[in-house]
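Please look over the chain shown below before turning to the briefing. The points are grouped by topic and are meant to be read alongside the coordinates.

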Amino acid sequence: MASKRKLYSKPRLISVKSKIASEGSKYDIFKWLMVVSLVAVGVVGNSIYAEQSLLYRVIALLVLGLVAGFVALKTEKGSAFFTLFKEAKNEIRKVVWPTRQETLQTTAMVVVVVLLIGLLLWGLDSFLGWTVSSLIG
């Protein structure tokens, strides 16, 4: 009986991709700490150097933001986000956008339906208000 169980048990395989992902995620904590520290340096530096020119502070914040973004993209989640962004950009290219005429017709239909429903609700509200006020006295 025990030998049958061994025959049907699935072997455990560790893929190379999972090993690489675990190696990359080992340093991700340090990368995210660096991103947070860069953002903190930007916030604190902006308040410390408040008397400096706005142009210089904006340039410094942009540089810090770009460096923080670059470091964040080097993490596992950052690269997954970038991949998602590229795939979304490709999907947007596949969308068949409506023509100007279709857009105007659809907008007109929506406006008409909203006006009709608004008038219907106004009439119902007026009727119910009149009914309640005639019952109350």
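The model is predicted, and its chain averages a pLDDT of 87, with 82% of the residues scoring at least 70. The chain contains five helices and zero strands, and buried residues account for 7% of its 137 residues.

**Fold and confidence**

- Read along the sequence, the elements follow the pattern α-α-α-α-α.
- Among these elements, helix α1 (residues 2-8) has the lowest mean pLDDT, at 53, whereas helix α5 (residues 100-136) has the highest, at 97.

**Helix α3 and its two faces**

- Helix α3 spans residues 54-73, which is 20 residues, and reaches 28 Å from its first C-alpha to its last, close to the 28 Å expected at 1.5 Å a residue.
- The buried residues of α3 are R57, A68, V71 and A72, and they lie on the same side of the helix because they cover an arc of only 100 degrees around its axis.
- On the face of α3 turned away from that buried side, the exposed residues are L55, Y56, L62, L66 and F70.

**The nonpolar core**

- The largest nonpolar core consists of five residues, namely V35, L38, A68, V71 and A72.
- Two elements, α2 (16-48) and α3, each give two or more residues to this core, and the largest share, three residues, comes from α3.
- A72, a member of this core, is in contact with W32, V35 and G78 once its neighbours within four places in sequence are left aside.

**The charged pair**

- Which side chains meet in a salt bridge at 3.3 Å, N to O? They are those of E91 and K94, and the count of salt bridges in the model comes to one.
- Side chains of opposite charge can pair when their charged atoms come close.
- E91 and K94 are three residues apart in helix α4 (residues 76-94), so about one helical turn separates them.
- An α-helix has 3.6 residues a turn, so residues three or four places apart point the same way.
- The two partners are described separately for accessibility: E91 is partly exposed, with a relative accessible area of 46%, while K94 counts as exposed because its relative accessibility is 58%, the cut-off for exposed being over 50%.

Notes. Residues numbered from 1 in each chain as written. Predicted model: local features only at pLDDT ≥ 70, side-chain atom pairs only at ≥ 80, totals over all residues. Heavy atoms only, no water. Helix = DSSP H or I, 4+ residues; strand = E, 2+ residues; numbered from the N terminus. Expected span 1.5 Å × (residues − 1). Buried < 20%, exposed > 50% of the residue type's maximum accessible area, 1.4 Å probe, protein only. Arc of directions from axis to C-beta. Salt bridge = Lys/Arg side-chain N within 4 Å of Asp/Glu carboxyl O. Core = buried A, V, L, I, M, F, W, Y, C linked by side-chain atoms within 4.5 Å. Contact = heavy atoms within 4.5 Å. pLDDT = per-residue confidence, 0-100.
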